[in-house]
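Student: Could you take me on a close look at one part of this structure, the disulfide and its surroundings? I'd like to follow it step by step.

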Amino acid sequence: MLFSSTTQYSNAQGSDTTVVRDSQTVLLEGKTLPAGDYIHLYDATPYMIKAGHVAAKLPCDSKSETSLKVLIGQAPNLNPANLELIKELSKPGAMCIYRVDVESTKQGDNGIITDIALQNPTNKEVKFGPTATFVIGVDEIMAGAEEVVSMGNMSMSNNTTK
């Protein structure tokens, strides 16, 4: 199930960005993510995400670590995001909540961000239980993503190091 809302505001004077409030809430309960696969959850193309946020309530182990990866970037170049655990809202060994800010830059590790995905890099499928959710909030978008032209299939890093 998907819940979505979008509000757009005019550009700030002299700014190249457009202020929006686009939010996607994906309820994952009852869904399965096969081993080595991903769910593509958001695509802002031809715009880049100038400012946004992801919050995900995902299965986690007793050390509050999840085997799943939140991928960000511009397809086909998506990389794992550095997730921050929200301890106060997490239950180690069951479900943990993680967050990450999403911000495009013209350089750096993340570069231009147009796409957000959830990846299962393991060799076991993941079955999502009650309250598993993925929330994406986009606050500003900016033209320029179309300047970077990519060809080929979407590829995701299988980097499982933290």
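Tutor: Let's start with Cys60, which has a relative accessible area of 10% and is therefore buried, as the cut-off for that word is under 20%. Its partner is Cys96: the two form a disulfide, with their sulfur atoms 2.1 Å apart. Cys96 is at 0% relative accessibility, so this residue counts as buried too. Keep in mind that you are looking at a predicted model.

What kind of link is this? A disulfide is a covalent bond between the sulfur atoms of two cysteines. Here the pair links distant parts of the chain, 36 residues apart: Cys60 sits in the loop between β5 and β6, while Cys96 belongs to strand β9. The torsion about the S-S bond of Cys60 and Cys96 is about 65°, which means that the disulfide is right-handed. If you search the whole structure, you will find 1 disulfide.

The largest nonpolar core has 31 residues. Strands β5, β6 and β9 are among those that each supply at least two residues of this core, and β9 gives the largest share, 5 residues. Ile116, Leu118, Phe128 and Phe134 have the most contacts inside the core.

Over residues 148-162, though, pLDDT stays under 50.

Notes: Residues numbered from 1 in each chain as written. Predicted model: local features only at pLDDT ≥ 70, side-chain atom pairs only at ≥ 80, totals over all residues. Heavy atoms only, no water. pLDDT = per-residue confidence, 0-100. Contact = heavy atoms within 4.5 Å. Core = buried A, V, L, I, M, F, W, Y, C linked by side-chain atoms within 4.5 Å. Buried < 20%, exposed > 50% of the residue type's maximum accessible area, 1.4 Å probe, protein only. Helix = DSSP H or I, 4+ residues; strand = E, 2+ residues; numbered from the N terminus. Disulfide = S-S within 2.5 Å.
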